[in-house]
Amino acid sequence: MENLAADSQSAAELPALAAELAEIVGADGVVSHLSELAVYECDGWTIAKSAPDLLVLPRTTAHVSGVLAALERRGIAFVPRGAGTGLSGGCLPVNAPVTVCTSRMNHIVACDLANRRVEVESGVVNINVTNAVKAAGYFYAPDPSSQAACTIGGNIAENSGGPHTLKYGVTTNHVLGVELVLAGGEVVELGGPADERLGYDLLGAVVGAEGTAGIVTRATLRILREPQSHRTLLAIFADVERATAAVSAIIAAGIIPGAIEMMDQLIIRAVEAAFKVGFPADAGAVLIVEIDGLEAGLGERAERIARIATEAGAVEVKLARDEGERALLWKARKRAFGAVGRLAPNYATQDGVVPRTRLPDILRVITMLSRHYNLAIGNVFHAGDGNIHPIVLYDERDPDQVRRAIEVGREILKACVEMGGSLTGEHGIGVEKQQEMPLLFAPEDLIVMSELRRVFDPTGHANPNKVIPQPGGCVEVAAPRRQAPL
Amino acid sequence: MTDAHLDKVENAIRGLLDAEHVRRPRGREAPAARIIAEPRDSDQMAALVRQCESERTALAPLGAARTLGEIRRAPAMIGVSLARMDRIVTYEPEDMTVIAEAGMTLGALNRRLAEHGQRLPLDPSNPGATTLGALIGAAQAGPLRLSEGTARDLLIGLRFVGHEGRLVHGGGRVVKNVAGYDLMKVMTGSFGTLGIITEVAFKLRPIPEGYTIGLAPFARASDAFGAALRLYDAIPLVHVEVLSPALAARFGHPDVFLLMAAVAGSAGELEYQRRCFSGLGGAFFLDSVRAVETYEQLRDLEFAPAAIVAQLATAPAELARCVEGMGAEFRAHAASGVAQIFIGGEFDRPAQAVETLARWRGAAHAARGHLRLLAAAPALRSELDFFDQPPPGALKLMRRLKAAFDPAGIFNPGCFVGGI
């Protein structure tokens, strides 16, 4: 793989640049040794790798501003980076020699419980927001499975989701304001503690911009009251068709669960072998349904869900009797990917979306593609949102399997789009899916999106060559997507 | 503006649209635009936009123009009505998503959705006269914002006609989607200044099983707000409003600050939640029919005839102090940090309006919030700034956005923040 990070013009001035940046952030805030830089050569998408020429670790907004001003004077592009848990190559350097990592900006600035707001620096780890307010009975809703490691800044860049987004929404629904440093160093405030926007909703454009708008240094987040109670049900089905029919029926009945997760037979067997949850080995599909809210309504609602699932063909519906049983179900779900690791040397996780009612159709297509490409594919996903995560099993030592695994992934995405869905529900476009963007968007859409991008970054120095396909600017995907916790 | 000039503009666009759908304004359209164009579809709209760009003629979507009609200083040259683009494109009840043309009214949409026990829970006043385009263009919201979110939370896709007549789309029809830049956020609340929205896709919500409103009168505003926030801390209210005496009187409670808090759910949940009101003293509940009627009355409250009506937004716990300091009548979405504030009657001289608004703005800014004018008597409009000024950095980006999306400056110019 060629070195994607450097361009020759800037490489020559690296030592001077490193010295200048060290003046701003301190000597311990600039990393230039190759061995240390290797840690930053990719994120959770490990197909293409490219270490930055320099890594900068600012501690304050002033540092970030100073660094971006220095880079702009030299015409150097940069990549913002949080914890590097992204799954689409969003912080892979592509013609951007400097990576600016916010991990040292990890202070919770203020917990304002009366207003249900928490103000954080962008390097704060997701779970720590909830941890800071949990004792008082509040939580921060977006819960990507990487929440013990991923940062709020990264969540904002990717507009991260998680299992509980069905009821509570994704990151963009919970960010009220940001402090953003533009390429060039200017610091702007967008949004604020109020729940109304003043002027254009630029904040909404920054969330999910995958780091191309600049570097978010602070954020004001909305926190929610912990629900009084919850119920977790396990419904077992003979096949995925009946399980997906149950998903539609539950939601059509006017019930919005906190989460509805589905696993198919391949995943069930892997999970059962690993965790002994008590799934019947011959089950074709299971649903994990969690509802939350007032204790007064949960028993009745759980019974309704059980009845609906049974009518849809569930062989058995079980209610987790205690916190231990509930924890075991979620462990099975959240570690399904690890369990799959026992079945094949390698696996690639895809992220696509279809309208909920098309779940049976997309699963049929996946079964067909699995046969056609002669690769096993498991399914474990956020059924309530129609957000699928097919897991393609392969062996990277066999080049033909690698080729087929890449192709089958693309075919699945194409089918999602044809069914009225999307290329990505929560992993982002990054460099991974740039080439697929034209499946979803017409040239005029992409032109307008580029214009929006340039509003924030006229010189194109903030995380260049991401999201929007550029002729010659894309990373060629040469190996399939790898393990991806959700 | 001479009639001859109007005739010339009118004739130019008559060739692009079906001739009978280019006309002079009627009724409440008059303060919004001089000529009304009713394109049949987005292709006609695109032709209209290209024509306006080449002639540098301003045009404004009429939905937003009607909203702005309350505050705009002069009519736009062309008001684009989407009256002929008012159909549901796709409605999949089991997906709980809908795609509709932007000229459909919220009321008509919700009547259709109710057949399946669903709704688009955005509730500005008068949904029968609010088009989906205006709903998004002006980012309108009502009491339900507390539990259901606002337009930005529910809009999952849209189409609009942009400069050069581009037909642009963002998002899609699935409830979870992070592909590409979020054009929905950019267009929401843009007041027709970036293009004309032609189609919108929403995620929907179920209509709750049971619903009731609890009412409690208070002698002091601060006590009513305090009770509202304590209640919201205990149970997941659907909405909670505090009304000042002039509005409380319309619900039969003169001379008090009236707390109105709604709860929803199954019979068991309603029973539990009603018990949580007991600490308020004097709270009473409406039966389900009266509750829905009262909600609609609350949603549709008119503040006119008022000299000025403004909307204040602060962090929720700051709202009470801020509102009290303003010394005006109000409807407060108490746990959302949003309130509509108004002064009835007339000012003796315009300077009083200017002073009042400046005082309100000062209070809003002191609470780290902002304030925008919703309506002003016509005589006052030239004297007043309708929007707060965003911070300089943000405003610079907003000007760049406007320049990028509307280089010819034809989309509803001069009505938005910073004179955009």
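Q: Which domains is chain A divided into?
A: This is a predicted model, and its chain A is divided into domain 1 (1-226 + 432-472), domain 2 (229-338) and domain 3 (344-418).

Q: How many Å separate the centres of domain 1 and domain 3 of chain A?
A: Taken over C-alpha atoms, the centres of domain 1 of chain A and domain 3 of chain A are separated by 29 Å. Where the two meet, six residues come from domain 1 of chain A and seven residues from domain 3 of chain A.

Q: And which elements give two or more residues on the domain 1 side of that contact?
A: Those are α7 (165-168) and α16 of chain A. By class, this side of domain 1 of chain A has four nonpolar, one polar and one charged residues.

Q: Let's zoom out. How many helices and strands does chain A have?
A: Chain A has 17 helices and 20 strands. Its C-alpha atoms fill a box of roughly 70 × 60 × 40 Å along the principal axes.

Q: What radius of gyration does chain A have, and what would a compact globule have?
A: A compact globule with 486 residues would have a radius of gyration near 23 Å, and chain A agrees, with 23 Å. Buried residues make up 59% of the 486 residues in chain A.

Q: What about contacts within chain A: what percentage comes from residues 24 or more positions apart?
A: Counting contacts in chain A with a separation of 6 or more, 74% are between residues 24 or more positions apart.

Q: Now chain B. Which domains is it divided into?
A: Chain B is divided into domain 1 (1-207 + 389-420), domain 2 (210-299) and domain 3 (306-383).

Q: How far apart are domain 1 and domain 2 of chain B, by their C-alpha centres?
A: Those centres lie 34 Å apart. The contact takes seven residues from domain 1 of chain B and eight residues from domain 2 of chain B. On the domain 1 side, the residues divide into three nonpolar, three polar and one charged.

Definitions and conventions: Residues numbered from 1 in each chain as written. Chains lettered and ligands numbered in written order. Predicted model: local features only at pLDDT ≥ 70, side-chain atom pairs only at ≥ 80, totals over all residues. Domains from an automatic or database assignment. Nonpolar A, V, L, I, M, F, W, Y, C, P; charged D, E, K, R; others polar. Helix = DSSP H or I, 4+ residues; strand = E, 2+ residues; numbered from the N terminus. Rg over C-alpha atoms; globule rule 2.2 N^0.38 Å. Buried ≥ 20, exposed ≤ 12 C-beta atoms within 10 Å, placed from the backbone.
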